[in-house]
Each structure stands twice: as structure tokens, then as C-alpha cells.
Amino acid sequence: MQVREGGIRIARAFGIPIYVHFSWVVVFALIAWTLATGYFPEREPNLPVTSYWARGLVASLLFFASILLHELGHSVVALRNGLAIHSITLFIFGGVARLETDPKDGGIEFRMAAAGPVVSLALALLFYGAGSLSFLGAGTRAVTRYLAMINVVVAVFNLVPAFPLDGGRLLRGLLWARIGRVRATRAAATAGTMFAYFLILAGAFSLLRGAGVAGVWYILIGWFLKDAALNAYRQVRLDEDLAGVTVGDAMVREVATIPGDISIADAAREYFMRTGYGSYPVVRSEKVVGVLSLPDVLKMSAEERENTSVQGAMIPLRDDLVAAPGDPVLEALARLAHSTVGRLLVMEDGRLVGVLSARAVLRQLKLRQELGR
């Protein structure tokens with residue numbers, strides 16, 4: 001298993017890496033405990049405690065499998081429409097499929113959003129049908145009935161027209177062609193914010209009435225939705241403000257490089273400690289051959305730094321570290337988000353002409369906003 005993005009990579013489906021966030025353990029345990037101590041005992045009393053816990057654990061696992069299938073429903077539609085999926089992560093509130101880029105039009109957004117609830121409703125029908133089979137034991141039927149019910153709840157909850165829930169994305173997809181992407185996102189995000197505050201108030205009211213666990217969940221989910229809606233709108237505004245901006249517009253043209261034949265110790269003293277930069281292009285015979293980053297230096301002992309050359313420790317030059325001046329800056333930003341060195345080397349005809357960082361992009365964005373584009 002591979003630990004990344006705050007979680008553990010557990011599988012790969014349709015070429016998409018699937019992660020389980022560390023917070024998932026909390027909600028998995030909470031759901032299993034709730035089912036084992038409340039839901040199943042209320043419906044079938046006087047059974048052994050181990051029976052309730054076995055059902056609780058199985059139901060909790062199948063619930064998260066259902067959430068994963070819900071997210072894969074979104075992802076399959078995205079892939080069929082030419083959109084790349086960076087990853088799927090199961091975490092404390094359910095699941096999130098991370099797209100490399102936003103959909104290109106409202107129709108794709110609508111179809112992607114609809115896929116998740118359709119999968120959840122199909123699973124509900126499947127589990128309901130399984131629970132009607134007479135040859136299954138009472139314990140199995142209890143689990144399938146719960147899974148049928150919870151998948152309906154997931155579908156209905158996600159259809160609330162509040163961004164970033166699926167219903168909010170359906171709303172944005174419907175409005176996109178009529179009022180444009182930014183205004184459609186603002187409308188859906190506003191609905192999402194209002195629904196989030198409703199959940200927070202409902203949670204506070206529940207706490208006052210003594211419904212502790214339910215109240216806390218409402219507040220947490222509401223807070224998450226509020227932040228997600230706001231961040232989504234900010235991202236769309238960022239996309240609009242940077243539309244048409246190229247890497248060449250935003251890059252830093254005066255670039256400090258580091259020779260590949262000096263030791264790491266000399267590089268630390270003469271370059272990193274003097275400037276505070278997080279990484280440097282490495283040159284040999286005036287040709288860029290790689291990148292040396294501060295984290296790679298810090299991983300080495302003092303003795304290793306003295307005995308290792310910059311070229312021996314650098315990341316060799318490769319395509320994911322390079323951008324061209326004419327590349328759209330939004331595409332470069334998406335690559336920067338996954339970069340291990342935090343910078344892209346801007347190359348033209350084999351020559352280093354600049355460096356692009358998130359800070360440089362933000363500086364360009366601020367200038368464009370202040371100067372009115």
C-alpha cells in the first residue's frame with residue numbers, strides 16, 4: 001500500500017488510484033458502532049453481541065464500497081467525455097473524485113453529476129432485491145435492508161441542489177449555457193452555502209435537544225459544504241481571471257541556476273542558505289540537466305552532503321518538470337499542484353528562459369486585477 005495525499009492507496013480502477021483518507025477510520029468505526037449497538041439490536045433483539053458487531057462491520061464496509069461505486073459512476077462518465085481523473089479518495093464525509101480539469105460545458109457537468117445518484121439508486125434496488133430472497137438468513141437480510149436504505153439516503157442527499165453536492169452540479173449544468181459558467185457556479189455555490197448554514201443550525205438545534213451525535217454530524221457536514229462551495233466559486237473566478245494568460249506572461253525570467261559539479265554541501269552554503277529558494281535548475285556545460293530541491297538536500301546527512309555532487313542528487317530533467325512559454329498558465333498550475341519541486345522550468349528551443357511558480361502566478365493575477373486587465 002502507498003501512503004499519499006493524506007491517505008493510503010488501496011486500489012486502482014479504470015486507471016484511477018483510489019485512496020482511503022486517515023479520517024475514514026473514524027467514520028467507519030462510528031458507523032459500525034452505531035449499527036452494532038443501536039440499529040441491529042432494535043430490529044432483532046436478544047442476539048449475541050458478536051452477531052451485531054459482525055453485521056455492523058460488514059454493513060459499514062459495504063456502505064463505503066457503495067460510496068466508492070458512486071464516485072466511480074462520476075469518474076466513468078468523466079473519462080468517456082475526455083476528462084482525466086487524478087484520484088478518488090474515501091474520507092470522513094464520504095468520497096471525492098478529483099478531476100484534473102473542470103468539465104468543458106454544462107452538458108458534461110450534468111451527465112457527470114447525474115451518474116453518482118443513478119449508481120446509488122441502482123445499488124439500493126440491488127440490495128432491496130437481495131433482501132427479498134427467502135433463502136438468505138435473517139442477519140444477511142438485515143444488512144441488505146440497511147444498505148438499500150442508506151443508498152437511497154445517499155442518492156437523495158446528493159440530489160439537494162446545493163453545490164458541491166451532485167444536485168448543485170446538476171443545477172450548475174442546467175444554468176451553464178444560459179448564464180455562463182461563472183454566474184452558474186455562483187448560483188449553485190450560493191445554494192450550497194445556504195444549505196450548509198441550514199445544516200449547521202439544524203445541528204446546533206439538535207445539540208440543544210440532546211441529540212449529540214446527530215447534531216455534531218450536521219454541523220461538520222454543513223461546515224464542510226460551506227467551505228467547499230466557497231472554494232469552488234473562487235476556483236472558477238480564478239479560471240476566468242487567468243483565461244488567456246500563458247506561462248510566458250507569468251514566469252520569472254531572471255533565473256538563478258546551480259552547477260552540477262559542486263558538492264551538495266557547497267550548494268547548501270552558497271545557494272540555498274543565501275537565497276532561501278526551494279529549488280534550483282541544475283546546469284552542466286550551460287545546459288539544464290535537472291532540478292535540485294531543498295527537501296532532497298535536507299534528507300542527506302552532513303557527510304553525504306560533502307561526498308555527493310549536485311548532479312548525483314538532483315532530479316533529472318523530465319517532461320513533468322518542463323513547460324513552454326506558450327502553454328496556458330491554468331494547465332501549468334494544475335501540474336504545479338502535483339509537482340514535487342514546486343516550480344516548472346520554462347524551456348524554449350532547449351534553452352531555459354524562465355521559471356514558473358504558484359507565487360509568480362498569483363503575482364500576475366493580482367496585477368491583472370489591480371490594472372483592470
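Where does asparagine 46 sit? Its place is in the loop between helix H1, which covers residues 24-43, and helix H2. Before we look around further, bear in mind that this is a predicted model. The protein has 373 residues, and 45% of them are buried.

**The overall picture**

- Along its principal axes, the C-alpha trace of the protein spans about 80 × 55 × 45 Å.
- The protein exposes about 19,600 Å², and carbon and sulfur atoms supply 61% of that area.
- Take the contacts between residues at least 6 apart in sequence: 61% of them join residues at least 24 apart.

**A nonpolar patch on the surface**

- Four residues, Trp33, Val49, Trp53 and Leu57, form a nonpolar patch on the surface.
- Together they have about 390 Å² of accessible area.
- Helix H2, residues 49-80, gives the most to this patch, with three residues.
- Valine 49 is one of the patch residues, and it lies in helix H2.
- Is valine 49 buried or exposed? It counts as exposed, because its relative accessibility is 57% and the cut-off for exposed is over 50%.

**The second largest pocket**

- The second largest pocket has a volume of about 350 Å³.
- Two elements give two or more residues to its lining: strand E12 and helix H14, which covers 358-370.
- Of these, H14 gives the most to the lining, with three residues.
- In total, 16 residues line the pocket, and those nearest its centre are Val252, Tyr277, Arg343, Ser357 and Arg359.

**A closer look at serine 357**

- Serine 357 has its place in strand E12, which runs over residues 351-357.
- How does it count, buried or exposed? Serine 357 is buried, because its relative accessible area is 18% and buried means under 20%.
- Leaving aside residues up to four places away in sequence, serine 357 touches Leu336, Gly342 and Arg343.
- Arg343 turns up in the pocket story too, as one of the residues nearest the centre of the second largest pocket.

- Asparagine 46, the residue we opened with, has a positive phi of about 70 degrees although it is not a glycine.
- Asparagine 46 is also exposed, with a relative accessible area of 78%.
- Which other residue has a positive phi without being a glycine? Glutamate 286 does, with a phi of about 65 degrees.
- You can find glutamate 286 in the loop between strand E7, residues 279-284, and strand E8, residues 287-293.
- Glutamate 286 counts as exposed, because its relative accessible area is 81% and exposed means over 50%.
- Elsewhere, the peptide bond from phenylalanine 163 to proline 164 is cis, with omega near 10 degrees.
- Proline 164 is in a loop as well, between helix H4 (138-158) and helix H5 (166-179).

Terms used: Residues are numbered from 1 along each chain as its sequence is written. This is a predicted model: local features need pLDDT of at least 70, side-chain atom pairs count only at pLDDT 80 or more; totals for chains, interfaces and linings use all residues. Side-chain values use heavy atoms; hydrogens and water are left out. Patches are made of residues with over 30% relative accessible area and no salt bridge: like charges are joined within 9 Å, nonpolar side chains (Val, Leu, Ile, Met, Phe, Trp, Tyr) within 5 Å. Accessible areas come from the Shrake-Rupley method with a 1.4 Å probe; for residues, only the protein chains shown count as cover. A salt bridge is a side-chain nitrogen of Lys or Arg within 4 Å of a carboxyl oxygen of Asp or Glu. Helices (H or I, at least four residues) and strands (E, at least two) are DSSP runs, numbered from the N terminus. Buried means under 20% relative accessible area, exposed over 50%, partly exposed in between (1.4 Å probe, protein chains only). Contact means heavy atoms within 4.5 Å. On a 1 Å grid over the protein atoms alone, a cavity is a set of points where a 1.4 Å probe fits but cannot get out, and a pocket is an open set with protein on both sides within 12 Å along at least five of seven lines; lining residues have an atom within 4 Å of a point. Grid points are joined across faces, edges and corners, and a volume is the space filled by probe spheres set on the points.
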